[in-house]
Amino acid sequence: SGDDKRMILEITFCVLLFILVVREMMELYGCMADLHSFRWGLYEYFLDWRNALDLANYGIHIYLITLWIDFAAWCSGVESKYHFFVYDDINAYGRWLKAGDGLVDALEMLDDLTTTTQKQSTYKELAAISSILVCVQLLKNLNFHPQFGLISRTLGYALMELFYWLIILLMVAVVYAFTGTLLFGQEAGEFSTIEESLNTCLATLLGATWPLDSLDSNVTSNIW
């Protein structure tokens with residue numbers, strides 16, 4: 001069944017993660033043994049950004065496992081009902097909104113659902129970050145191949161140029177976001193705050209949106 005397949009994949013993932021962590025610990029121990037120093041061995045190990053990347057991602061994986069176990073345990077303890085008697089007497093002639101005993105249970109269930117959503121959101125965000133780091137690890141591990149490693153080597157050579165280009169891009173985007181909020185903040189929700197304006201500007205660069213669709217066509221908006 002689907003649950004059995006998922007269990008096999010989860011066990012395989014945990015076993016492989018344990019092997020990778022042990023390998024990293026052996027590599028760290030090797031650095032310490034070669035330099036005969038704990039401090040300098042640790043420094044030599046983390047001096048290579050690839051080691052730091054691997055260890056950080058493995059740490060996120062372990063944390064994700066603990067989050068999922070905590071989430072599953074939390075969900076198993078959450079009790080929900082379809083109906084709550086939040087009013088004391090629905091047939092009363094007066095004080096119709098007098099709270100009943102079920103109001104406390106309803107509010108507690110809402111708090112439980114809020115906590116459940118927050119736990120799930122935290123897990124998804126960390127899983128997304130981990131997935132991006134896995135892609136970086138993949139490019140790093142394919143660096144040895146003359147063809148597959150072409151992308152990673154190219155990015156490595158152009159890293160500083162891309163860094164300065166990113167700074168210029170963010171500076172220009174922030175200026176446009178500020179002016180967008182200043183000019184159109186009271187007109188369109190996409191520019192209501194600096195954060196919303198920055199998201200709109202970056203989405204425009206990606207072709208995902210066009211801000212003039214939500215703005216009145218005039219000289220100011222067209223020049224902007």
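Ala 188 is located in the loop between H6 and H7, where helices (H or I, at least four residues) and strands (E, at least two) are DSSP runs numbered from the N terminus. The structure is a predicted model, in which local features need pLDDT of at least 70 and side-chain atom pairs count only at pLDDT 80 or more, while totals for chains, interfaces and linings use all residues. Residues are numbered from 1 along each chain as its sequence is written, and side-chain values use heavy atoms, with hydrogens and water left out. Ala 188 counts as buried because its relative accessibility is 5%; buried means under 20% relative accessible area, exposed over 50%, and partly exposed in between (1.4 Å probe, protein chains only). Residues up to four places away in sequence aside, Ala 188 touches Ser 214 and Leu 215, a contact being heavy atoms within 4.5 Å. The C-alpha atoms of Ala 188 and Asp 216 are separated by 9.5 Å, although the two residues are 28 apart along the chain.

The protein chain contains eight helices and zero strands, and its pattern along the sequence reads α-α-α-α-α-α-α-α. Of its 224 residues, 20% count as buried. Among contacts between residues at least 6 apart in sequence, 52% join residues at least 24 apart.

Helix H7 comprises residues 194–205. Its twelve residues reach 17 Å from the first C-alpha to the last, close to the 16 Å expected at 1.5 Å a residue; the expected span is 1.5 Å times one less than the number of residues. Ser 197, Thr 200 and Cys 201 are buried in H7. These residues cover an arc of only 100° around the axis, which puts them on the same side of H7, the arc being that of the directions from the helix axis to the C-beta atoms. The buried residues of H7 pack against helix H6 (159–184). Just after H7, Gly 207 takes a positive phi of about 80°.

A positive phi also occurs at His 36, at about 55°, although this residue is not a glycine. Most residues other than glycine have a negative phi. His 36 is placed in the loop between H1 and H2, and it counts as exposed because its relative accessibility is 74%. Ser 37 is also in the loop between helix H1 (2–35) and H2. The side chain of Ser 37 reaches the backbone nitrogen of Arg 39 at 3.5 Å and the backbone nitrogen of Trp 40 at 3.3 Å.

Helix H2 (residues 38–47) packs with helix H3 (residues 49–77) at an angle of about 90°, and their axes are 5 Å apart. Axes are lines fitted to C-alpha atoms, for helices over the stretch in contact, and angles run from 0 to 180 degrees between N-to-C directions. H2 and H3 are therefore roughly perpendicular to each other, given that angles under 35 degrees count as roughly parallel, over 145 as roughly antiparallel, 65 to 115 as roughly perpendicular and the rest as oblique. Tyr 45, Phe 46 and Leu 47 in H2 meet Trp 49, Asn 51, Ala 52 and Leu 55 in H3. The 29 residues of H3 should span 42 Å at 1.5 Å a residue, which agrees with the 42 Å between its end C-alpha atoms. Buried residues of H3 include Asn 51, Leu 53, Asp 54, Asn 57 and Tyr 58.

Lys 140 is part of helix H4 (residues 102–141) and counts as buried because its relative accessibility is 15%. Residues up to four places away in sequence not counted, Lys 140 touches Trp 49, Arg 50, Leu 53 and Asp 54. With Asp 54, the side chain of Lys 140 makes a side-chain polar contact at 3.3 Å. A polar contact is a pair of N or O atoms within 3.5 Å; within protein, one must be able to donate a hydrogen and the other to accept it, and residues adjacent in sequence count only if both atoms are side-chain atoms. Lys 140 and Arg 153 are 13 residues apart in sequence, and their C-alpha atoms are 8.9 Å apart in space.
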